[in-house]
Number of protein chains: 2
Amino acid sequence: MAAVLLEGKVVAEGLKAKVKAEVEALKAKYNKAPKLIALQIGENASSAVYVKAQKKVAELLGIEYELKTVPGSTSQAEAEVIIKNLNKNPGVTAVILQLPVPKDIDAKSLVNLIAPEKDAEGMHPQNLGRILLGQYKIGPCTAMAVMELLESTKISLYGKEAVVVGHSEIVGKPLALMLLNKFATTTVCHIGTGERGVLPEHVKRAEILVVAVGKAGIVKGDWIREGAIVIDVGINRVGDKISGDVEFEGASKKAAYITPVPGGVGPITTTILMRNTVELFKEQVK
Amino acid sequence: MAAVLLEGKVVAEGLKAKVKAEVEALKAKYNKAPKLIALQIGENASSAVYVKAQKKVAELLGIEYELKTVPGSTSQAEAEVIIKNLNKNPGVTAVILQLPVPKDIDAKSLVNLIAPEKDAEGMHPQNLGRILLGQYKIGPCTAMAVMELLESTKISLYGKEAVVVGHSEIVGKPLALMLLNKFATTTVCHIGTGERGVLPEHVKRAEILVVAVGKAGIVKGDWIREGAIVIDVGINRVGDKISGDVEFEGASKKAAYITPVPGGVGPITTTILMRNTVELFKEQVK
């Protein structure tokens, strides 16, 4: 059996249509649009790609988007003042700090400084805590994108064996909470699992498998459970090619659904950023 | 092999000594003691037991403790004002809302209203989010008590198979994050797991097993893995006796370590409440 491809583009299109309609309705009701500020410290080629994509999606959805670039020589203290001013500015409804930042800047403490009410990336501790409490409309973009891909299959997660490989703050841990909120039996694996030598056995029982490690082919094709849903979050450059954390060829023979890499989670995350922006706006205007 | 009993009292004594010494040092340095206010809405027999225990431990540790009782007829809006005033009062360094509250009161929204800086129970979303981020000194008392019991065995959690049964907001979910922060491979089971019929197989591979369901004997003795550490958080009244979520007799023959019920987690939680209070105080005075 060849797996059905879970194409991020398709899911993103559906989401965009919903968010666009919502923005239109909000504009009609409040005569005001959400406004997202992307703060970029210094110049960075990969960040420039993201910013361009963000701007395009924002414009498509009717969200105001402004890139605020400050010099790479900006100090931590100066960056803090900039964020505090964005927090106070009533004309700004959401803020994202573009990564990477120059090496002398502590990105984590800057992200923590963005007001939870304007936290477009859903990474403020308060917003993460709400995921644990099951009281959330926004969340980290990649974790939320994985949930959208899973939901696109229309398969209930209740009682399913879910295995997440990778326990990062932006994907693995928030995603595990989201899966638990849906009553999947959820296991999180990581380097400790790999070193113990038990990663294959955990992967083998996964009906829902999400891999977010960043190591090409760390999950072998023959570990995949027959009929599994496989979401590969990894984006690894191998020679001239981009490849995922899962060996695609072998895995796609056993899985029922699998994401292509690239083209799985990636195309959805920017749209989630915009949906987060709109959800924050709704709380602000209500 | 008969399991070693993990007695909460012993762990609590060690913690109390540490917290007491810390409070003394803080008093010497700042000429001020932490002050915990317990807000109780209406009268309640079981709450009265907790309050008495809290007062005793606080006094022993040099923490100021005040029970603030308001009538059961207090409205939600009035309770909100009381909490906001406690938040603003510089003489109050920590607040706990005693549960249960009268049925017309929404306890959850009141708990969310306690300032995160004064949240003695570690249940504010911001404090829960910090657990996910691995940046935490305080946390929900029962989850923190489980971690203390595990640490008392001196066994490294790195790469261990940890299974948590129960995915509540106060135990299962925050505990799972704490176990992940220690690099245990962590699985959370719940009603969805039980209905699927796979709870036994998850329990059987657990080297670290924590059960927090509230159903007497839901985990059978013969499911326990040889040599496991078993922490039973359940407190169930069965006839005249208190019994846990794990069948103790069978489990204690297979486990290497097991908590008695009662006498496991329970005796530690009040001390954790006080340690949380001291940690909050340290942030306030620094």
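How many residues of chain B are in contact with chain A? Here is a short tour that starts from that point.

1. **The interface.** In this predicted model, 32 residues of chain B are in contact with 32 residues of chain A. Two residues are in contact if their C-beta atoms, placed from the backbone, lie within 7 Å. On the side of chain B that touches chain A, α5 (125-132), α7, β6 and α8 (191-196) of chain B each supply at least two residues. The most comes from α5(B), which gives seven. By type, that side of chain B holds 15 nonpolar, twelve polar and five charged residues. For these classes, Ala, Val, Leu, Ile, Met, Phe, Trp, Tyr, Cys and Pro count as nonpolar, Asp, Glu, Lys and Arg as charged, and the others, Gly among them, as polar.

2. **Reading the labels.** Residues are numbered from 1 along each chain as its sequence is written, while chains are lettered from A and ligands numbered from 1 in the order in which they are written. Because the model is predicted, local features need pLDDT of at least 70 and side-chain atom pairs count only at pLDDT 80 or more, whereas totals for chains, interfaces and linings use all residues. Helices (H or I, at least four residues) and strands (E, at least two) are DSSP runs, numbered from the N terminus.

3. **Symmetry.** Chain B superposes on chain A by a rotation of 180° with 0.0 Å of shift along its axis, at an RMSD of 0.0 Å. The two copies are therefore related as by a two-fold rotation axis. The same surface serves both copies, since 100% of the contact residues of chain B recur in chain A. The superposition is by least squares on the C-alpha atoms of residues with pLDDT of at least 70 in both copies.

4. Follow the open sheet of twelve strands in the order β1(A)-β11(A)-β8(A)-β7(A)-β5(A)-β6(A)-β6(B)-β5(B)-β7(B)-β8(B)-β11(B)-β1(B); its pairing is mixed. At the edges are β1 (4-5) of chain A and β1 (4-5) of chain B, each pairing on one side only. Two strands pair if DSSP finds at least two bridges between them. Where the chains meet, β6(A) and β6(B) pair in the antiparallel sense over three bridges, with T186(A) opposite V188(B).

5. **Parallel neighbours.** In chain A, β5 (residues 161-165) and β6 (residues 185-189) run parallel and are joined by five bridges; here A162(A) stands opposite T186(A). In chain B, four bridges join β5(B) to β7(B), also in parallel, and V165(B) faces V211(B) across that pair. Four bridges also join the parallel strands β7(B) and β8(B), where V210(B) stands opposite I231(B).

6. **Helices on the sheet.** Helix α6 (residues 141-152) of chain B lies across β7 (208-211) and β8 (229-232) of chain B, running at about 155° to β8(B). Helix α7 (residues 172-181) of chain B packs on the sheet too, touching β6 of chain A together with β5 (161-165), β6 (185-189) and β7 of chain B, and its direction makes about 170° with that of β6(B). Axes are lines fitted to C-alpha atoms, for helices over the stretch in contact, and angles run from 0 to 180 degrees between N-to-C directions.

7. In β5(A), five of its five residues are buried. A residue is buried if 20 or more other C-beta atoms lie within 10 Å of its own, exposed if 12 or fewer, and partly exposed in between, with C-beta atoms placed from the backbone. E161(A), V163(A) and V165(A) point one way from β5(A), and A162(A) and V164(A) the other. The largest nonpolar core has 180 residues, and V146(A), V230(A), V146(B), L209(B) and V230(B) have the most contacts inside it. Such a core is a set of buried Ala, Val, Leu, Ile, Met, Phe, Trp, Tyr and Cys residues joined through C-beta atoms within 7 Å.

8. **Two residues to look up.** Q98(A) is found in the loop between β4 (94-97) and α4 (107-113) of chain A, and is buried because 21 other C-beta atoms lie within 10 Å. Y30(B), in helix α1 (residues 8-30) of chain B, counts as partly exposed because it has 14 C-beta neighbours inside 10 Å.
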